[in-house]
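Notebook open, structure on screen. I'm jotting down what I look up as I go.

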Amino acid sequence: VITWTKQIRHVLKQEPENVFADGRNPEPIAEVDFWRCRAENLNSIHAQLHSDGVKRVRKFLETHKSTYITPFARLQKEVEDA
């Protein structure tokens, strides 16, 4: 859960300005590619969050009153909002 949370946070934090990092001056298609890739990543994460396996993990965390359930639920909401 911890590693997966970090990976999702990484995707959520990506910004199109990163395309211009290090003084690069990319073609306009670079930003289009960024948003296409971001959409693909978010759609994949969304599908995973709604999979039976993740639902079972979440249920397990809730049942065992894990400290990870609140941050995980918040992260799931952030993905839904994105």
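Predicted model: local features only at pLDDT ≥ 70, side-chain atom pairs only at ≥ 80, totals over all residues.

What share of the contacts in the protein with a separation of 6 or more comes from residues 24 or more positions apart? I looked it up, and the answer is 67%.

Next entry, secondary structure. I find 4 helices and 0 strands in the protein. Reading from the N terminus, I get the order α-α-α-α.

Then I checked the overall shape. The C-alpha trace spans about 50 × 20 × 20 Å along its principal axes. I also looked up the radius of gyration, which is 16 Å for the protein, while a compact globule of 82 residues would come in near 12 Å.

I note an accessible surface of about 6,000 Å² for the protein, and carbon and sulfur atoms hold 55% of that. As for the inside, buried residues are 23% of the 82 residues.

Charges next. I have 13 positive and 12 negative charges in the protein, and their mean positions sit 12 Å apart.

Where is Glu-31? I found Glu-31 in helix H2, which covers residues 28–49. Why does Glu-31 count as partly exposed? Because its relative accessibility is 36%, and partly exposed is the range between under 20% for buried and over 50% for exposed.

Key. Residues numbered from 1 in each chain as written. Heavy atoms only, no water. Helix = DSSP H or I, 4+ residues; strand = E, 2+ residues; numbered from the N terminus. Rg over C-alpha atoms; globule rule 2.2 N^0.38 Å. Buried < 20%, exposed > 50% of the residue type's maximum accessible area, 1.4 Å probe, protein only. Contact = heavy atoms within 4.5 Å. Areas by Shrake-Rupley, 256 points an atom, 1.4 Å probe, with all protein chains shown as cover. Lys, Arg positive; Asp, Glu negative; His and termini not counted. Charge placed at Lys NZ, Arg CZ, Asp CG, Glu CD.
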